[in-house]
Amino acid sequence: MPSSVESPARVRTSAPGPVPWIAMYHSVGDCSDDPYRVTVSPGRLDRQLCWLRRRGLRGVSVAELLAARARGEGRGLVGLTFDDGYADFLGNALPLLSRWECTATLFVLPGRLGGDNVWDPLGPRKPLLTADGIQQAAAAGVEIGSHGLTHVDLTRADDTLLRAETAGSRAALEELTGAPVTGFCYPYGTVDRRAVAAVREAGYGYACAIDPGRLSGPHVLPRVYIGEQDTAVRLFLKHRLHRLRRRPVEGLR
Ligand SMILES: [Zn+2]
């Protein structure tokens, strides 16, 4: 581990405690046909949020989590993220988030408004939110972040496509929501230094990956996959093990 990461001063000033715990969800609905394991049932999500609250934790958007940590707060907060912007978010996830007094970040694809998950050819077609649906989520207090324009692997994109997927999607979402968009999420979780640089240059304040390996920092935040099989016991282990496995994120604000 580099000495700068171990420096007590650095750890104290960057955030309270270790790297933030950010959960990764996708679709919330019927998970009987789910080859990519991207769906949790509403009942399971309800029990997972109940478990969080009973442990004294509250799920919030990543922007809120990072802002709280920058103020030296946020110990009882975890990040909740929903990738791809499935239409089922409004009817299935949002009522449960409000019931448990949680918020979340929704990473959407402004190049596929009202489309479906065409990048996942097996399994059921899952409709994506329309512009109106994204505006409804934003009006309900959900943070809207970018998942790129069309769900492409940024590590394989040429310069023009990379710019469109990062800067272009941010501009499109800011116009759609009428609000600043500060969060990005790498499609497939695939990320390299060039993609990170493009995301930073596009003006995003943070970006979520999945398991970024040696890359670290506010533009490659690791996340914990949460699925239908994650009972209270498994959530407990994922929450605990995360703190042991992850080192603090340098320079996180
Ligand atoms: Zn995705």
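This is a predicted model: local features need pLDDT of at least 70, side-chain atom pairs count only at pLDDT 80 or more; totals for chains, interfaces and linings use all residues.

Start by selecting Arg 234 and Asp 230: they form a salt bridge, with their closest N and O atoms 2.9 Å apart. (A salt bridge here is a side-chain nitrogen of Lys or Arg within 4 Å of a carboxyl oxygen of Asp or Glu.) Asp 230 is buried at 1% relative accessible area, while Arg 234 is partly exposed at 40%. Buried means under 20% relative accessible area, exposed over 50% and partly exposed in between, using a 1.4 Å probe and protein chains only.

Residues are numbered from 1 along each chain as its sequence is written, and side-chain values use heavy atoms, leaving out hydrogens and water.

Next, pick Arg 53 and Glu 101, another salt bridge, at 3.1 Å between the closest N and O atoms. Arg 53 sits in helix H3 and Glu 101 in the loop between H5 and strand S6 (105–108), so this pair ties together parts 48 residues apart in sequence. (Helices, H or I with at least four residues, and strands, E with at least two, are DSSP runs numbered from the N terminus.) Glu 101 is exposed at 53%.

Finally, go to the zinc ion: its protein donors are Asp 84 (OD), His 147 (NE2) and His 151 (NE2), 2.1 to 2.2 Å away. Donors are N, O and S atoms within 2.8 Å of the metal (3.2 Å for Na, K and Ca); water is not among the atoms, so sites may look incomplete.
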